[in-house]
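Here's a quick tour for anyone meeting this protein for the first time. Have a look at the sequence and the fold, then read on.

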Amino acid sequence: MGAGKRSLTMAAIAVVCAMTVLGAPVTAYASQTSPTDPTPSPTPTPNPSSTDASSDDEAPVTNEELETVRKKLEELYHDAAVATDKYNAAEEKAEKQSAEIVGLAREIVEGQEKLDKLQDLMGAAARAQYRGGGLPSEVRLWLSENPQDFLEGADRLRQGQLATKGLLREMKQTQEDLEQYSKDASARWEKLEANRKAKEKAKKKIKDQIAAAEEMESTLEQEERERLAQLEEDAAQQAQNTWLDSGVLDEIDSKASAQGKQAVKFATDQIGKPYEWGAEGPKTYDCSGLTSQAWLAAGVAIPRTSQEQWRQLKHIDVADMRPGDLIIYNSDASHVAMYIGDGAIVHAPRPGRTVTIAGAGSMSILGVVRPDA
């Protein structure tokens, strides 16, 4: 690799590592990255010999330097996953709030129609009273399912008084209902607008993180990208081996439920489809989009995001884990995968990857949840 290209690579690493858009350090997916270590990854220093920009004898980027890139990419994609969860949560809330607003609008229309009808009936009653104290037929029907009983139980004057009081009560209640519907609709519009802003903020964060990661990777030569991919694989395998060496798999012998088998089949049928943030299929998925759709296919509706799946679903000991259960990763529950047995998971990893099978212990496990508990 030429000196100019290597200098560009190292400069990109330094710039991206220092980008203020990244905010505070975050936990990376692989278990090798400590979530409690606030020390930023060191910026690799170019070889002093790189001062000769015209030299083609430049030493290649070392594995240590690529390891710095790998860890920074993990942080970038982790941040993108956190922002994706926020986007999905805001999207889910917005859908519910929109449905509520539609329902309130329907109530307002129906309430206004009822109020108009009541006002017409009040006018008819007043006119009838003025003419001689009788009640028009439509008012009698409104006040009693059995008009004959009503007429036999009260004289004309009494009928008129009861009619007026009854209609006034209904009008007052209807007006109060309309005012409450309007207030509720206004409040939901405000929440909907707040969620819209939250979605836009999360969307921008996702795009920024992914763009920074893609820019960093683009500065690498093909041979360096291959070595970087190997470093990622090695780190995941090391974490998986550590997890297996703990003997945890020896304790896991539970078999999948009928619905769990359906969920596993759906998820594994998606293998090879690209990751896309915010996607729920059928052509692309993000991590929680895959797990929520897999369980929906099995007849169980679960929360849309990995954080809500962790919060709302029943927690299971790792030793009791069975195929179909969901493994939640990272201390902030920012990633989720489906356990399929034999120490393996199926998941949608991150941008630039496809739905795939991986080791269940290849990332830092927060816990396990069971949708069909």
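## The largest pocket

What volume does the largest pocket have? It comes to about 630 Å³. A pocket here is an open set of points on a 1 Å grid over the protein atoms alone, where a 1.4 Å probe fits and protein lies on both sides within 12 Å along at least five of seven lines; lining residues have an atom within 4 Å of a point. The volume is the space filled by probe spheres set on the points, which are joined across faces, edges and corners.

There are 25 lining residues, and Glu232, Ala236, His347, Pro349 and Arg353 are the closest to the centre. Helix α6 gives the most, with seven residues; α2 (63–131), α6 (222–245) and β5 (356–359) each supply at least two. Helices (H or I, at least four residues) and strands (E, at least two) are DSSP runs, numbered from the N terminus.

## A note on the model

This is a predicted model, with residues numbered from 1 along each chain as its sequence is written. Local features need pLDDT of at least 70 and side-chain atom pairs count only at 80 or more, while totals for chains, interfaces and linings use all residues, and side-chain values use heavy atoms, leaving out hydrogens and water.

Is α9 itself tucked away or out in the open? Eight of its eleven residues are buried, so α9 is largely enclosed by the rest of the structure. (Buried is under 20% relative accessible area, exposed over 50% and partly exposed in between, with a 1.4 Å probe and protein chains only.) Trp295 and Ala294 are among those buried residues.

## An aromatic pair

Rings of Phe, Tyr and Trp (its six-membered ring) pair if their centres lie within 6.5 Å; planes under 30 degrees apart are stacked, over 60 edge-to-face and the rest tilted. That rule gives one aromatic pair. The ring centres of Tyr87 and Trp277 are 5.1 Å apart with planes at 90 degrees, so the pair is edge-to-face. Because Tyr87 sits in helix α2 and Trp277 in the loop between α8 and α9, the pair ties together parts 190 residues apart in sequence. Tyr87 is buried at 17% relative accessible area, whereas Trp277 is partly exposed at 22%.
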